[in-house]
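Here is a short briefing on one protein. Look over the sequence and the structure first, then read the points below.

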Amino acid sequence: RPRPGSMLSIAAALPAFLLPVAPPTGVGARVVFVVPPTKASPFGATSPEPAPSWRDVATHLAARLPGFDKRIAADVVLEGELAETEIEADVILALGASASAAAAVQSSGEAAAA
C-alpha cells in the first residue's frame with residue numbers, strides 16, 4: 001500500500017498516466033491516447049458539453065497537439081482495439097482507462113521499448 005503523499009499514491013489518484021515508450025529522437029513525436037469508448041470524463045463542467053466522453057476529450061487533444069508543434073502527431077485508440085492494434089508511439093497517454101486496458105498499454109509499451 002503506498003504511503004500518502006508518495007509518488008505512487010499521487011500517480012494512483014490521477015485519472016490518467018503517462019508512459020514513455022521510446023527514447024526521444026528530436027525529429028518528431030507521436031502521442032497515442034488510449035480511452036474507453038463511452039465513459040464520461042470529469043472535464044467540461046463549464047463548457048457547452050459538460051462531461052464529454054474520454055473519446056471526445058482525446059480526439060480534441062489529438063487534433064490540437066500539432067498546433068503546438070508541427071512535429072507532434074497524435075492518434076486515439078479505443079480500449080477494445082488494443083488487442084488488434086500495434087501501438088507505435090513515443091508517448092502513450094491512457095485517459096479514463098480501465099485496469100485491464102492500463103495493463104495492456106503497459107505491456108505494449110514494454111514490448112515497444114525492448
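This is a predicted model: local features need pLDDT of at least 70, side-chain atom pairs count only at pLDDT 80 or more; totals for chains, interfaces and linings use all residues.

**Overall fold**
- The protein has three helices and four strands.
- Along the sequence, their order is α-β-β-α-β-β-α.
- The protein has 114 residues, and 31% of them are buried.
- Take the contacts with a separation of 6 or more: 66% of them join residues 24 or more positions apart.

**Helix 2**
- Helix 2 covers residues 54–68, which is 15 residues.
- From first C-alpha to last, helix 2 reaches 21 Å, close to the 21 Å expected at 1.5 Å a residue.
- Its buried residues are Trp 54, Val 57, Ala 58, Ala 62 and Leu 65.
- The cover over these buried residues includes strand 2 (29–35), strand 3 (72–78) and strand 4 (91–95).

**Glu 79**
- Glu 79 sits in the loop between strand 3 and strand 4.
- Glu 79 is buried, yet it has no salt bridge.
- The nearest side chain of opposite charge belongs to Lys 39, 6.7 Å away. A salt bridge needs the two charged groups within 4 Å.
- A polar atom of the Glu 79 side chain lies 2.7 Å from the backbone nitrogen of Ser 98.
- Setting aside neighbours within four places in sequence, Glu 79 is in contact with Val 34, Val 35, Pro 36, Gly 96, Ala 97, Ser 98 and Ala 101.

Terms used: Residues are numbered from 1 along each chain as its sequence is written. Side-chain values use heavy atoms; hydrogens and water are left out. Helices (H or I, at least four residues) and strands (E, at least two) are DSSP runs, numbered from the N terminus. Buried means under 20% relative accessible area, exposed over 50%, partly exposed in between (1.4 Å probe, protein chains only). Contact means heavy atoms within 4.5 Å. The expected span of a helix is 1.5 Å times one less than its number of residues. Lys and Arg count as positive and Asp and Glu as negative; His and the chain ends are not counted. A polar contact is a pair of N or O atoms within 3.5 Å; within protein, one must be able to donate a hydrogen and the other to accept it, and residues adjacent in sequence count only if both atoms are side-chain atoms.
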